[in-house]
Amino acid sequence: MLPRFISRCCGPLFALLVLGLGLVLPAHAKEAIADSLFASAPFDKWKAEGPREQIPWQIRLSADKLSIHQRLLASIQVLVPGPELLKRNRDEFLILLVQVSNGEGISSRSYGVLALDSLKPEIKRSDVAFSWEAFAVPGEYEVSVALWDKRSGEHNFARRLFHVDAYKNDPLPGMWDDVDPFEFWSTKRDGPEYIFHSDVDGRLHLPLATKRPVQLDVLLDLTPSAAIFRGNYGHYNRYLSAAVPMFKVFSQISVTNGSRRVAALDLVQKRIPFEQSSGKALDWPSLRKAFVADSGPGVVSVKDLQNRQQDPSFLREEIVRRLSKPCGSESGCKQHEKPLHVFVVIGSLMDLYTFPALPAVEAGNKEDCIIYYLQLDLFANKDFTGAVSNVEKMLKPLKVRAFQVRTPDDVRHALAKVMEEVSKTE
């Protein structure tokens, strides 16, 4: 079988252990750069020649965590002593090439370039770590790493076996059937792109087969609530770093008998900054606009900060509105078949909201709807319980199934429970 190469458009994140360095990556970094770097180096020749170490280094491999994106995290790290780099400050660049191959002839490639002429003297007291992060599926891999001082002609080469363990007692063992075995991340490590991981193309395998037609609505609470976050961007961004990946995961559920809609809500402003009804892959460019600093939900107005009597009743209004929408032709259900409405609501704890007295929801047969409410509890405040009873009262008589989520494992088990329960509904 001929090998297939998957080159990422960007190199690694250079994790600096002690001090900031002058690190340079080409501004026009694209996939062609990785290909050209591999082409300019005799990589295959070095691989055939075997291990070589002309420059001191260490290689570390790890893959022991589940990410909030419901993918296994893999890390490749190369450590080079700072004094060794200082000795080479006239050599312009140090190039690192990484190739990861599985047993089926599929290889993923990445790279890194370090400018040696801009290193600071303080680096002599530290090592420099070159780090690559990736999503990986369980299996055996061969990692080939080359370190090349092109000007001096010196190089290192090493091959390591890399085992990625399966997720123990996995309730969703087929989730990774359709993704590439090893997907490198880009260098971006902050902002919306990093939170969403738009640099990774893999799509989770989450087919939801049911006898009864299903209308699935996945709702993300993007509210920068003054009551919940107190205008603290750090708290709010930490919430988004978990809530947005969860939204992406649940939006990949494929409803085989019915339809899927997704939306982001601002409960305080009572608006919908993002909505998609096509059932296709999540439209990230449109969702990203909800994060724009001067117009998206990341802005907390003075009025909102002063208004301590915020309530989440817009969530109820939006659920009722969606319940009132008849089964459309795009859902795949027949006119005489009433679909089961399934809501997955992803939000924060609601303890600090004020819940107004509201009449019972008039939505027909309460058995035709179930709401799965995933509350992110990231701050471990023992005084907060989530106010689930108030949420249930606000949505009464609709059924609410609440999950408090603190870890990626919690998300996986909640997702599995949703899939299992809905698939058994008649």
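Where is the place of histidine 341? The legends below take up that residue and several other sites in a predicted model.

**Figure 1. Overview of the chain.** The predicted model has a secondary structure of 11 helices and 18 strands. Of the 426 residues in the chain, 53% are buried. Among contacts with a separation of 6 or more, 79% are between residues 24 or more positions apart.

**Figure 2. Histidine 341 in strand S16.** The place of histidine 341 is in strand S16, which covers residues 340-348. With a relative accessible area of 6%, histidine 341 is under the 20% cut-off and is therefore counted as buried. Leaving out residues up to four places away in sequence, histidine 341 touches Gln215, Arg322, Leu323, Lys325, Asp368, Cys369 and Ile370.

**Figure 3. Asparagine 102 in strand S5.** Asparagine 102 is found in strand S5, residues 93-102. Its relative accessible area is 16%, and the residue is buried. The side chain of asparagine 102 reaches two backbone nitrogens: that of glycine 105 at 3.5 Å and that of isoleucine 106, which lies 3.1 Å from a polar atom of the side chain. Apart from neighbours within four places in sequence, asparagine 102 is in contact with Glu140, Tyr141 and Pro181. Glutamate 140 is 38 residues from asparagine 102 along the chain, yet the C-alpha atoms of the two are separated by 6.3 Å.

Figure 4. Aspartate 199 lies in the loop between helix H4 (191-196) and strand S11 (206-208).

Figure 5. Rolling a probe the size of a water molecule over the atoms shows where empty space is left. Helix H6 (residues 233-250) gives the largest share of the lining, 3 residues.

**Figure 6. Helix H10 and its two faces.** Helix H10 spans residues 388-395, and its buried residues are Val388, Val391, Met394 and Leu395. Seen down the axis of H10, these buried residues fall within an arc of 120°, so they line one face of the helix. The exposed residues Ser389 and Lys393 are carried on the face turned away from the buried side. What do the buried residues of H10 pack against? Their partners are helix H9 (313-324), strand S17 (369-376) and strand S18 (399-405).

Figure 7. Most residues other than glycine have a negative phi, and most peptide bonds are trans. The peptide bond from lysine 396 to proline 397 is cis, with omega near 10°. Proline 397 has its place in the loop between H10 and S18. Strand S18 is also one of the elements against which the buried residues of H10 pack.

Figure 8. Glutamate 92 is not a glycine but has a positive phi of about 70°. Its place is in the loop between helix H3 (82-86) and S5, and S5 is the strand in which asparagine 102 is found. Glutamate 92 is partly exposed, with a relative accessible area of 44%. Lysine 270, likewise a residue other than glycine, has a positive phi near 55°. This lysine is found in the loop between strand S14 (258-266) and strand S15 (271-276). Lysine 270 counts as partly exposed, at 43% relative accessibility.

How values were computed: Residues are numbered from 1 along each chain as its sequence is written. This is a predicted model: local features need pLDDT of at least 70, side-chain atom pairs count only at pLDDT 80 or more; totals for chains, interfaces and linings use all residues. Side-chain values use heavy atoms; hydrogens and water are left out. Buried means under 20% relative accessible area, exposed over 50%, partly exposed in between (1.4 Å probe, protein chains only). Helices (H or I, at least four residues) and strands (E, at least two) are DSSP runs, numbered from the N terminus. The arc is that of the directions from the helix axis to the C-beta atoms. Contact means heavy atoms within 4.5 Å. A polar contact is a pair of N or O atoms within 3.5 Å; within protein, one must be able to donate a hydrogen and the other to accept it, and residues adjacent in sequence count only if both atoms are side-chain atoms.
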